[in-house]
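I wanted some practice at reading a structure with two chains. These are my notes from going through it piece by piece.

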Amino acid sequence: MTKTMIATPISVAAVKAISDRYDEPEWLRQRRLAAWETFEATPWPTYKEETWRRTRLTGFNLADFGLPVETPETFSSRDALPEHLQTELDKVDSAGALILQDGALIYGELDADLARKGVRFTDLRTALAEDEELVRVHLGALVATDENKFASLHYALWRNGAFLYVPRGVAAEKPFQVLVVQGPGLANFHHSLFIGEENSEAVVIEDFMGSQQGMSDSVAESYVKQAARLHYLRLQNLDETAWNFATQRASVARDGLYRQLQASWGSKLSKVWIDLEMEEPGGHGELLGLYFPQDHQHLDHHTNQNHKTPRCTSDLLFKGALDDHARSVYQGMIRVHHGAQKTDAYQKNDNLLLSDHARADSVPGLEIEADDVRCTHGATSAKVPEEYVFYLMARGLDRKTAQRMIVQGFFEEVINRVPVPGVRAKLEAEIAHRVGIE
Amino acid sequence: MTATLEIKDLHASVEEKEILKGVNLTIRQGEVHALMGPNGSGKSTLGYVIAGHPHYEVTSGDILFNGESILDLEPDERAKLGIFLAFQYPVAVPGVSFANFLRAAVSSVRGYKDRAREEMERTGQLKEVGSELMPMREFRKELFEKMDRFNVDRAFARRYLNDGFSGGEKKRGEVLQMAMLQPKIAILDESDSGLDIDALRVVSDGINKLVADGMGALLITHYQRILDYVKPDKVSVFYDGRVVLTGGPEVATMLEEKGYGWVEDHLAELEEKKKLVNG
């Protein structure tokens with residue numbers, strides 16, 4: 001049964017209403033209003049802008065989406081959760097879990113030992129109430145309000161998000177898991193804020209789901225402090241009628257390590273920016289991507305590997321398979337600033353075309369202002385090699401099974417590098433589903 | 001019943017260029033039949049055409065397996081009948097583990113998959129995941145037994161199919177696949193090329209064991225070398241898209257002594273001899 005959602009339209013009144021409802025501090029109210037002004041002052045992107053040349057917003061109308069009004073039911077234990085959410089959480093052996101439904105925290109748990117050590121893993125709303133200063137300093141400091149029109153809209157209207165704070169020297173062995181669930185027809189503005197203090201280590205998994213005929217406009221900010229290690233696995237499983245916009249950025253301090261996986265399965269159209277900021281020497285950043293659009297899905301990823309300082313390494317691997325009339329866009333940039341000597345940066349985008357009507361555009365790029373660096377990039381786009389298919393068929397596999405096996409193998413290079421077994425299994429299951437194995 | 005693969009006046013082309021120009025050849029289960037010929041004579045094409053490579057077009061003639069034409073069959077259907085092609089250059093398939101691939105292949109060839117489908121159609125119930133595959137435990141047991149028997153490192157199971165394999169490892173891998181799939185007739189395309197003496201021994205030993213178990217082998221080779229390890233029952237000489245002479249092991253010895261130039265010089269004479277042989 002589809003529940004009728006009561007929703008309010010998107011407007012400046014809605015921006016004020018959010019501030020009022022949560023009795024927000026004045027600085028936040030002012031930020032929201034400023035963001036709304038920027039949003040209104042910024043024209044909608046057109047194909048004349050380089051970043052939007054290959055992705056059109058035809059059919060997108062903000063007035064089609066509402067903001068949630070109802071407060072959803074909350075749950076006090078895993079056992080009480082609806083079965084599908086419980087199943088989803090159980091796939092990963094985690095140290096903590098959060099479920100947000102349309103911006104409301106409906107379930108939360110955290111390992112007691114980690115909580116004692118000072119780990120904070122909660123919704124952003126709770127973090128703001130409990131530690132306003134920490135949130136004020138970090139919120140919006142990486143992804144600016146005026147970054148793009150969707151970021152402005154996000155900062156005007158965000159309601160909640162996920163917050164992880166790992167104190168100095170604390171290593172969480174098991175991952176933290178967040179389920180971001182969205183109801184039909186709604187606009188959701190999830191904000192992820194992750195802070196790994198010096199020498200800390202954590203893995204955080206965020207799973208986006210739902211949003212039939214809705215929109216998701218999210219921002220993620222990850223702070224990797226000195227010698228910290230943060231892994232962020234982001235699984236976009238939105239309904240295939242959803243519009244998805246996401247701006248994500250991580251900053252990596254001295255000797256820090258940041259690894260992100262972006263798995264893009266759902267949405268009708270996605271425009272995703274993923275930026276890596278190498279701020280201090282000795283850091284390592286890794287960006288992994290998987291996508292497998294089908295039917296008329298259109299998935300667009302923009303990446304930036306921004307080397308501002310010497311002796312950092314970064315490594316990017318995005319792999320996509322495309323079927324039916326699907327379309328993908330990958331635009332990547334490695335930017336090595338003046339003085340960022342001994343940078344070692346790599347960028348690769350591979351596409352496998354499973355249909356004559358699918359199209360993958362790949363635009364890798366380099367901008368290098370230092371002279372002692374090693375930077376490599378590459379992009380490929382090819383059909384399933386007939387020689388592979390013949391070899392497997394000559395061993396008794398029918399054509400379909402042979403092709404499926406090759407496609408699954410194609411993604412292994414990325415999946416292998418995902419540090420959580422439960423997530424690897426989820427990714428493999430999704431790929432198996434997409435190649436037609438239930 | 002002894003399986004037979006008969007090739008009758010087979011003509012095949014690639015992009016309008018005729019490569020096979022009337023091949024006649026019979027391979028029987030339990031027999032080793034060496035097919036020797038110079039580079040570029042079309043030996044490998046014959047292997048591909050038997051296995052059903054879509055790139056080649058059969059323009060006339062026939063290939064019969066136990067008396068039935070296989071020309072309309074897909075490569076996987078030929079494999080299920082018991083025909084195996086060991087590739088000269090096995091393709092590397094990144095991300096697909098040797099064990100996963102082989103389990104799927106064995107399950108298909110041994111009918112697990114067809115039985116699961118029939119079962120599903122009969123009961124109308126959806127099959128469980130994995131029910132179309134040979135049970136994991138059984139498969140692993142047999143795989144490891146055969147790895148030991150055929151001198152293949154157990155670490156192969158987890159490696160990606162031929163990915164980063166040395167030439168010798170690829171050929172060992174082909175022998176292992178053959179041992180698991182248990183074909184009735186195998187076509188071994190230059191299984192000796194690029195092998196050092198140790199690898200050659202392992203590969204030859206594997207072929208001998210499978211032939212002893214009842215497999216028939218068409219051993220395609222340029223050199224006599226492998227025939228020191230795998231004793232042929234018959235030797236055919238392949239030249240310019242045809243078999244020009246078939247005889248016993250002595251033909252290989254003669255070729256080794258006189259070289260392929262001799263074949264060219266005596267082509268007319270050989271044709272005459274062949275007619276006499278064929279009666």
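**Ground rules.** I'm working with a predicted model, where local features need pLDDT of at least 70, side-chain atom pairs count only at pLDDT 80 or more, and totals for chains, interfaces and linings use all residues. Residues are numbered from 1 along each chain as its sequence is written, while chains are lettered from A and ligands numbered from 1 in the order in which they are written.

**Chain A.** I looked up the secondary structure and got 10 helices and 22 strands for chain A. Helices (H or I, at least four residues) and strands (E, at least two) are DSSP runs, numbered from the N terminus. Next I checked the radius of gyration, which is taken over C-alpha atoms; the globule rule is 2.2 Å times the number of residues to the power 0.38.

I then looked at burial: a residue is buried if 20 or more other C-beta atoms lie within 10 Å of its own, exposed if 12 or fewer, and partly exposed in between, with C-beta atoms placed from the backbone. In chain A, 52% of the 438 residues are buried.

For contacts, I used this rule: two residues count if their C-beta atoms, placed from the backbone, lie within 7 Å. Of the contacts in chain A between residues at least 6 apart in sequence, 83% join residues at least 24 apart.

**Chain B.** Here I found 10 helices and 10 strands. The radius of gyration is 20 Å, close to the 19 Å that the globule rule gives for 279 residues, so chain B is as compact as a globular protein of that length. Buried residues come to 42% of the 279 in chain B.

Just after H1(B), Gly52(B) has a positive phi of about 95°.

Helix H5 (residues 136-149) of chain B has 14 residues and reaches 20 Å from first C-alpha to last, close to the expected 20 Å. The expected span is 1.5 Å times one less than the number of residues. After H5(B) I found Asn151(B), with a positive phi near 55°.

**Domains of chain B.** The assignment gives domain 1 (1-90 + 167-187 + 202-279) and domain 2 (92-164); such bounds come from an automatic or database domain assignment. Taken over C-alpha atoms, the two domain centres are 28 Å apart. Their contact takes 15 residues from domain 1 and 14 residues from domain 2. On the domain 1 side, H6(B) gives the most, with nine residues.

**Where the chains meet.** How many residues of chain B are in contact with chain A? I got 23 residues of chain B, against 19 residues of chain A. H3(B) gives the most to the chain B side, with five residues. By class, that side has 16 nonpolar, four polar and three charged residues. For the classes, Ala, Val, Leu, Ile, Met, Phe, Trp, Tyr, Cys and Pro count as nonpolar, Asp, Glu, Lys and Arg as charged, and the others, Gly among them, as polar.
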